[in-house]
Amino acid sequence: MASGSRPWGALLLLPLLLLPAASRAGGGCAGEGGPLEPFDALYASGVEAYYGGDFAGAARCLERALRSRRELRAARLRCRRRCRGQVRLAAPGPGAGGDLPFFGSVLRRAGCVRRCEEPRLGAASRHRAAEEVRADFQRRVPYSYLQRAYIQMNKLEEAANAAHTFFMANPEHMEIQQDIENYKTTAGKVSLIDREAKQHMEDYSAGVRHYDKEEYELAVEFLERALKGYYVEDEDCQIMCEGPQRFEEHEYLEYKAGLYEAIADHYMQVLACKHDCVRELATRSGRISPIENFLPLHYDYLQFAYYRVGDYVKALECAKSYLLFHPDDEDVLENAGYYESLLEGTMDPDTVKPRKEAKTLLRRHKLESHLLQVAAASLGYTYTEPNYWNRYGARQDEHSVPSSISSEPEDGPRLSLAKKPMPKPDRELKEGGPLLYSDVKFVYNSQQLNGTQRVLLDNVISEEQCRELHRVASGIMLAGDGYRGKTSPHTPNERFEGATVLKALKYGYEGRVPLKSARLFYDISEKARRIVESYFMLNSTLYFSYTHLVCRTALSGQQERRNDLSHPIHADNCLLDPEANECWKEPPAYTFRDYSALLYMNADFEGGEFIFTEMDAKTVTASIKPKCGRMISFSSGGENPHGVKAVTKGQRCAVALWFTLDPLYRELERIQADEVIAMLDQEHLGPSEMNINPKDEL
């Protein structure tokens with residue numbers, strides 16, 4: 001994934017610069033006595049110590065910053081929960097002054113919260129961190145610093161845990177991924193603890209794993225624990241939404257609204273936050289996208305697991321709980337009917353009701369939605385109701401839960417364990433279209449490559465063209481091109497070099513490389529685009545989103561006992577999360593990429609095989625040895641995780657191509673290169689001698 005690395009070092013300096021000089025004076029952390037020290041000040045001290053080479057001080061301050069942030073939330077939760085119990089909000093009475101009991105109870109609760117918080121937290125203004133700092137903690141950036149500090153202190157287990165915690169929120173960060181692999185070999189047995197894991201999410205994942213292994217008693221245990229934790233976290237989320245709000249449409253200090261308008265404005269912000277707790281609790285820490293249909297899936301798994309352990313009452317109870325969210329789910333309706341038939345004669349199935357907590361949450365959620373929509377209609381409040389419990393998920397590679405029963409006894413209903421139907425993709429997936437050029441040889445299709453939307457071709461370019469392209473590469477490539485100058489962006493054991501089409505044409509026009517050779521790069525990439533567009537039978541134009549001539553060179557003296565990859569396993573348009581078996585289609589992934597292709601230029605090196613894997617990033621489904629003229633192409637999503645095995649000797653070169661169906665994301669350099677080509681054609685410089693004229697089409 002070219003240009004995929006984030007400038008963490010520059011970004012991480014930001015919290016340090018945001019704080020006034022007084023808060024940074026002296027370096028190091030202040031003492032722990034008195035009110036809780038603000039986490040942003042501790043964070044800034046840790047960053048300052050890190051860049052000053054005081055790694056022990058950096059680790060101490062960063063650990064205290066993380067602890068301070070957790071204690072801040074815990075203190076606020078404790079006080080708000082206590083004051084909720086001590087001061088009930090009174091109902092307004094009739095007539096003039098009837099609202100005084102209500103506002104009186106509001107004032108008493110506010111005073112209760114302040115009296116409770118101040119001894120531990122001090123003034124509320126001490127803990128108003130800048131948005132950029134809060135975003136750093138959301139992305140777990142402090143753990144990136146911690147990892148490096150612990151490495152310098154030779155505390156490898158602490159470093160490994162910090163790296164793992166950061167990686168859980170940043171799975172696209174390939175350097176951290178490589179660091180984790182190194183820890184596994186150099187630090188012996190490491191536990192790799194996610195220090196920011198949400199316990200209800202961990203229990204849910206454990207329950208699903210046991211379910212998949214048909215360990216149904218353990219699945220029930222963990223899924224029930226996950227549900228209990230979910231409802232506790234839901235209450236906490238509701239309480240935390242009662243904090244300060246930010247008004248996007250006006251500056252708060254200049255706000256001139258009347259009493260009820262001001263209350264309504266603030267309450268709508270609070271209500272929208274509470275309503276979104278469903279999404280918050282379904283989102284893994286550090287992520288943006290939630291697990292689709294998260295809460296109902298607990299009941300969906302449980303209804304089947306309870307059936308398998310012979311508890312038909314609980315199975316029916318969970319099936320009915322699931323149907324609260326999706327009353328028209330035919331599979332679960334059929335299951336519920338079957339469970340009722342199993343209970344007939346022993347009890348009245350109608351006495352089995354959906355779970356109370358599910359009914360309560362859903363009732364509250366519907367009322368919140370109603371109030372938000374009323375506000376949108378009458379107060380000009382902007383609001384669009386999301387689909388919080390989408391049955392089928394939003395991604396083709398979404399892990400879909402089987403809600404039906406398989407392997408039934410002969411007298412039971414025959415229900416399928418197959419995945420629920422996914423929504424139709426925005427285009428029909430096809431393959432097998434014409435290759436357009438008579439010299440191109442078909443090798444393998446998707447089925448033969450054990451995947452979806454994959455094709456392997458040979459003879460896309462000739463031996464002579466490979467040699468010519470290699471010669472031009474040696475004259476234009478720059479170390480670290482596309483990766484902010486990092487010469488080893490994927491592994492410290494190889495040097496990475498690259499060049500773009502526009503750079504090649506520029507060098508050709510300036511006479512620094514043969515113009516015909518520079519034009520060759522442009523023409524073969526266009527040939528590859530036309531083949532991909534035709535073979536996958538796309539009914540709309542395929543545009544370039546990025547074109548890169550790349551070489552990976554094994555560094556001498558660094559190849560013994562290598563256990564890393566030349567390019568770690570990833571997907572091209574989503575963030576691969578092997579732990580969750582997900583691929584999150586969200587920034588910083590290049591979500592607009594639709595198809596990818598790699599056109600190889602040589603075979604005179606060792607290692608460097610291209611591999612496809614399952615979403616676990618471990619199970620290899622296909623391995624391809626590069627050679628001159630060979631091209632692998634595939635769709636860019638989570639259905640095609642891929643990587644490159646270590647190049648252990650020599651240099652491996654290829655033309656890497658990414659394509660999009662959205663013209664808004666056309667490669668800017670390609671558009672400029674098109675203009676250069678048009679200018680050259682006007683000057684009668686002609687195309688390269690490539691034998692890729694459309695006359696060759698079949």
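Reply: Start with a definition: a disulfide is a pair of cysteine sulfur atoms within 2.5 Å. The model here is predicted.

Me: What makes Cys-466 and Cys-628 a disulfide?

Reply: Their sulfur atoms are 2.0 Å apart. The cut-off is within 2.5 Å. The pair therefore counts as a disulfide.

Me: How do you know whether Cys-466 is buried or exposed?

Reply: Its relative accessible area is 2%. Buried means under 20%. Cys-466 is therefore buried. Cys-628 has 11%, so this residue is buried by the rule as well.

Me: What makes Cys-241 and Cys-273 a disulfide?

Reply: The S to S distance is 2.0 Å, and the rule asks for a distance within 2.5 Å. The link is left-handed, with -70° about the S-S bond. Cys-241 is in the loop between helix 12 (216-240) and helix 13, while Cys-273 is in helix 13. The two are 32 residues apart, and the pair links distant parts of the chain.

Me: Why is Cys-273 called partly exposed?

Reply: Its relative accessible area is 30%. Buried is under 20%, exposed is over 50%, and partly exposed is in between. So Cys-273 is partly exposed.

Me: What is the handedness of the disulfide of Cys-574 and Cys-583?

Reply: The sulfur atoms of Cys-574 and Cys-583 are 2.0 Å apart. The torsion about the S-S bond is about 90°, so this disulfide is right-handed. Cys-574 has a relative accessible area of 3%, so this residue is buried. Cys-583 is buried too, with 1%.

Me: How many disulfides does the rule give?

Reply: The count comes to seven disulfides.

Me: Which residues make the nonpolar surface patch?

Reply: Leu-259, Tyr-260, Ile-263, Tyr-267, Leu-367 and Leu-371 make a patch of about 580 Å². The elements giving two or more residues to it are helix 13 (259-275) and helix 18 (356-378). Helix 13 gives the most, with four residues.

Me: What part of the chain counts as buried?

Reply: Of the 698 residues, 52% count as buried. The chain has 22 helices and 15 strands. Its accessible surface comes to about 33000 Å², and 51% of that belongs to carbon and sulfur atoms.

Me: What share of the contacts comes from residues 24 or more positions apart?

Reply: Such residues account for 76% of the contacts with a separation of 6 or more.

Methods:
Residues numbered from 1 in each chain as written. Predicted model: local features only at pLDDT ≥ 70, side-chain atom pairs only at ≥ 80, totals over all residues. Heavy atoms only, no water. Patch = residues over 30% accessible without salt bridge, like charges linked within 9 Å, V, L, I, M, F, W, Y side chains within 5 Å. Areas by Shrake-Rupley, 256 points an atom, 1.4 Å probe, with all protein chains shown as cover. Salt bridge = Lys/Arg side-chain N within 4 Å of Asp/Glu carboxyl O. Buried < 20%, exposed > 50% of the residue type's maximum accessible area, 1.4 Å probe, protein only. Contact = heavy atoms within 4.5 Å.
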